[in-house]
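Take a look at the chain below. We will walk through one of its sheets, strand by strand.

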Amino acid sequence: MLKYNVRGENIEVTEALRSYVEKRLEKLEKYFELTSDVIAHVNLKVYKNHDAKVEVTIPLPYLVLRAEETSDDMYRSIDFVSDKLERQIRKYKTRVNRKGREKGVKDFFIETPAEEEKPTSELDIVRNKRVSLKPMDPEEAILQMDMLEHDFFVFQDAETNGTSVVYRRNDGRYGLIETNE
């Protein structure tokens with residue numbers, strides 16, 4: 001069952017707004033067999049030009065769903081984010097089912113953000129993250145990267161057991177960096 005953590009920035013989260021978010025995101029539950037409570041983190045923002053931005057992050061056991069959308073209406077932004085998450089889930093399920101038929105389903109990693117640390121050198125590191133690398137193939141890593149809307153993704157290659165990186169190139173295609181371990 002999904003639980004909701006709805007926050008507002010420059011906007012008061014009314015009961016009507018909260019219930020609309022819950023109603024729209026509730027339809028995502030049909031795609032998963034949730035054995036434990038999962039918290040959907042929803043952040044609602046309103047900018048000075050009255051644009052409304054909605055960010056949703058749903059950390060699942062083997063996947064992190066994330067989407068954001070900005071429009072001139074808060075309810076429209078909520079609708080767009082909900083639709084975007086549903087497309088991500090369908091895309092993910094299709095690839096996992098295809099992979100499952102080919103070689104069996106593998107685990108995906110969840111990012112575990114670390115506390116921000118003060119930089120110890122002149123390089124000015126402003127954020128530090130720790131990730132658990134679980135074996136997957138490059139195609140699964142690209143799927144994770146796309147779902148997180150990142151430009152790169154670090155993973156453990158299931159075939160070589162080495163650390164690898166997939167990244168999005170400027171031409172829209174993907175690159176793969178493999179380490180020699």
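Start at a turn. Gly-172 takes a positive phi near 90 degrees in the hairpin of S9 and S10, which has 5 residues between the strands. Helices (H or I, at least four residues) and strands (E, at least two) are DSSP runs, numbered from the N terminus. S9 and S10 run antiparallel, joined by 5 bridges. Two strands count as paired if DSSP finds at least two bridges between them. Across this pair, Arg-168 stands opposite Tyr-174 in S10.

This is a predicted model: local features need pLDDT of at least 70, side-chain atom pairs count only at pLDDT 80 or more, and totals for chains, interfaces and linings use all residues. Residues are numbered from 1 along each chain as its sequence is written, and side-chain values use heavy atoms, with hydrogens and water left out.

S8 (residues 152-157) pairs with S9 (residues 163-168) in the antiparallel sense, over 5 bridges. Phe-153 faces Val-166 in S9, and Val-154 stands opposite Val-165 in S9. These two strands also form a hairpin, with 5 residues between them. Asn-161 in its turn has a positive phi of about 60 degrees.

What is the order of the strands in the open sheet? The 4 strands run S7-S8-S9-S10, with mixed pairing. S7 (135-136) and S10 (174-178) stand at the edges, each with a single partner strand, so one side of each is left without a neighbour in the sheet.

How far can we trust the model? pLDDT is the predictor's confidence in each residue, from 0 to 100. Its mean over the chain is 81. Over residues 104-119 it stays under 50. Where pLDDT is low, the predicted coordinates should not be read in detail.

Conventions: Contact means heavy atoms within 4.5 Å.
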